[in-house]
Amino acid sequence: MPPTHTALVCVALPGLAISGELGQLSGRGLDGFYRGGRRLLSRCQVRVAGREPLAVQARMTGADSARFVGTLRVSQAPGPDPDVLVERTRHAAGTERITLRNATLRHLRLPVEVALGTDLAELGTIASGRAGPELPATVRDSGLRWATAGAAACVTADPPPSDALASAGLLRWELDLPPSGTAVVELRVRPDGAGPLRAAGHAATSPLAPARAAGDDPRVAPLLHAAVADLQALLLRDPAHPADVYLAAGAPWRCGLSPGEALAAARMTLPLGTRLAAGTLRTLARTQLPGPGPQAGMIPGPRRDAGPLLPPGCTGTEATLLFPVLLAEARRWGLPERETQELLPAAERCLTWLRATVGDGTYLHDPRAAGPARCETQAHAYRAALLGADLLDACARPGATELRQWAETMRSAFRIDFWLEDHGGGRPAAALSPDGRPVPHLGSTAVHLLDTGLLGSGRLAPGLLDKVQTEHLARLFGGPAMDAGWGLRGLGTKEAGHNPFGHRSGAVRVHESALAVAGLAAAGYEKEAAGLLRGLLEAAAHFDHRLPEMFAGEQRAAGSAPLPHPAACRPAATAAASVVLMLTALAGIRPDAPARTVTLRPVPSAPLGELGLTGLRVAGAPFAVRISRLGLAMVEEAADGLQLGV
C-alpha cells in the first residue's frame, strides 16, 4: 500500500487530487487525479526552458485544493535571485492552473512543456501494488486522450498547445512574459465525455452548518474550520436518490459508504444540523436486509480487523445498533417529525433484529458461529435499547418495555461478568469468549461504555458501569499506559501485542479519543478529559489542523511531535466529526427540540478558557453559545421559543 502521510490529498468527492510535496505528479505511488475511484491522470510534469522548477513550497489551500511554488533561473546573470516563479494550483475537481511570473525587468520567451501519462487504474489496484504500465495517448482537440477497456480520460489545455506529441505524452507552448508579467496555462482532467465535476460538498445548500469557533485558545478556530471543510469534501450523494447525502469514510482509501462510520460521523455532527443524519439514515434504510431469517433488519457492513487479540468484528452489527440511536438523537436535535416517522419502521426493524438475535441470552455475540461477546458491542446494544425504547414511547409504538427490561438485565450481568478485579481497582474485559471466559486486555474500544446517549429533558442515559467502575475506567484512560499525551492509545502499553503503529493495537485513533473526551467530561472527570483534549489539540497543530484518522501512539515528550501513520486516511469523516463533538461537549449542549428546550452542562473548569461557538443548529435554527473562563455558559442565539432547560 503506497504511503499517504507525506501526500497532499485534495478532496471533493467523487474527485481526488493526490501529490507529493514537490508538486510534480510522478506517475508513481498514489500520484494523480481521480474520479469515482479511478485514476484519470498519474503523471503531470512541468518543465520550463528544459528544466524542472526548484520546489520551494507546497501547502493545502483548502480541503479540495493545494498550491505548489517553484523557482527557476533562466539567465546567466550573476546573483542568487530566481528569474521565474512557477505556481501550480491543483483542485480535486480536476483542474490545474500553471502560472509563470517573470520576476525580471526584461522580456522573456520561454519554452514550456508538460509531460502527461496515465494507467487508468482503479484505486484498489493501486493500493495492492498492481497498477499497470502507462497507456498510449492520442491527440484529441487541445490535449491528449487515453483509453482502455471500459474507461477513457482526456486532458485539455487552455490556451491550446502549440505542439502535442502523443508518442511522448507531451504538450508544448512558447510563452511570452513581459517584464514583471505572467502567463497562464490551465489543464482540465476529466473522464472522456464527462462534464465538470459536481461534488456534493459544492452544492448551493449544504447539509452542514458553517460553524465557527473563537476563544482564548487560538487552535480551536482553525481546527473547527478545517474539520467542517473536510466534512464538506467527503460528502457523497446516493446515486439513485441524489437528494440524500452521506459521508464517505475517508480519503484516499475509503471514498465510499462505510455504514458504521457514516452513522457515527453523522451522529457527532448533529450540532451542525440534522440533514446529514436524515440522508445517511435514508440511504442505509434502503440497504436493510429483508426477512424472514436471522439477519432480517440488519444493515450489512464489512468485517473489520480488531487487532491481534480478537477476531475481526462485524461493522454491520455496529451500524444496525447505531441506526436507532442516530434517529432518536436526531429527533432531539430537531429532525422534523415527518422525517422521524418516515424512518421509524427501519429503526424498529433494527431493534427487532437486536432482540431476536439476543433471544433468551444476556449478551449480543458476534454473528459468526461461536463468536465472542465484545465489550463495545454490548455498549452499542445497551444504548440502542434505551434510546430505541425512548423513541418508541415518543412515537406511541410498542416494544419499549421489553427493550428496557432486557437492558436492565444485561446491565446487572455486565457489571459482574465483564469487570475484572485487580490491585488497581479493576477494569472492563475486552470481550467474553464463547465459553464465557473474559479477554482481559485494555483498549480504547472501552470508551463506548462512556458514550451513553441523549434522552429527553437534557438527560443522558445511564451507563453500563456503576459509579465506582466508571471512576476506575476514567483513571485508566488518564494514566500513562493509555494516554499517549496526544490522545488515547488503541491498546495500553502494558498489554501483550502493543504496537504504537498498530491501527487497532496501539495507535491513537482520533474518534475514540474524542469519545473519551466527551464521555469523561459528561461523567465529571474533567482532569482526564482535559488532558486528552489538550493532547489532541496539540497533535492537530502538527497536522496543520487536519487530523488523520489515526497516528502513532508514541509517548509525547518535550519538543516531540506525533508520528504519522503511513496508511491513515486524511481527511477522515470520524476524525473531522470528532472535532465537532469535542468542542460542543465543552459546552454540554443537550437539546430536546420536541419539548422546545436546550440544556447546557458546560465543563466547569473551562479547560480551553473562554470559548464561543457560532453557526450551530438546534431545532432547525441557528444556535450560538459562549463559555466563560469560569465555566459558565450563555446562549447568544437560538430558535424562537426555545427555552433553557434546568
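This is a predicted model: local features need pLDDT of at least 70, side-chain atom pairs count only at pLDDT 80 or more; totals for chains, interfaces and linings use all residues.
Author: Happy to chat about this one.

Reader: Good to know! So at what angle do helix 10 and helix 12 pack?

Author: Helix 10 (residues 510-523) and helix 12 (residues 573-587) pack at about 10°, and their axes lie 9 Å apart. That angle is under the cut-off of 35 degrees, so the two helices are roughly parallel to each other.

Reader: Nice. Which residues of helix 10 and helix 12 make the contact?

Author: From helix 10 you have Val510, His511, Ala514, Leu515, Val517 and Ala518. Helix 12 brings in Thr574, Ala575, Ser578, Leu581, Met582 and Ala585.

Reader: Let's switch to Asp451. Where does Asp451 lie?

Author: Asp451 is in the loop that runs between strand 27 (438-439) and helix 9 (467-478). Leaving aside neighbours within four places in sequence, Asp451 is in contact with Arg267, Arg383 and Leu515.

Reader: Is Asp451 buried or exposed?

Author: Buried: its relative accessible area is 13%, and the cut-off for buried is under 20%.

Reader: Now Arg90, please. Is Arg90 buried or exposed?

Author: Arg90, which sits in strand 9 (residues 84-91), is buried, with a relative accessible area of 1%.

Reader: What does the side chain of Arg90 reach?

Author: The backbone oxygen of Gly23, at 2.6 Å. The side chains of Arg90 and Ser19 are also joined by a polar contact of 2.8 Å.

Notes:
Residues are numbered from 1 along each chain as its sequence is written. Side-chain values use heavy atoms; hydrogens and water are left out. Helices (H or I, at least four residues) and strands (E, at least two) are DSSP runs, numbered from the N terminus. Buried means under 20% relative accessible area, exposed over 50%, partly exposed in between (1.4 Å probe, protein chains only). Contact means heavy atoms within 4.5 Å. Axes are lines fitted to C-alpha atoms, for helices over the stretch in contact, and angles run from 0 to 180 degrees between N-to-C directions. Angles under 35 degrees count as roughly parallel, over 145 as roughly antiparallel, 65 to 115 as roughly perpendicular and the rest as oblique. A polar contact is a pair of N or O atoms within 3.5 Å; within protein, one must be able to donate a hydrogen and the other to accept it, and residues adjacent in sequence count only if both atoms are side-chain atoms.
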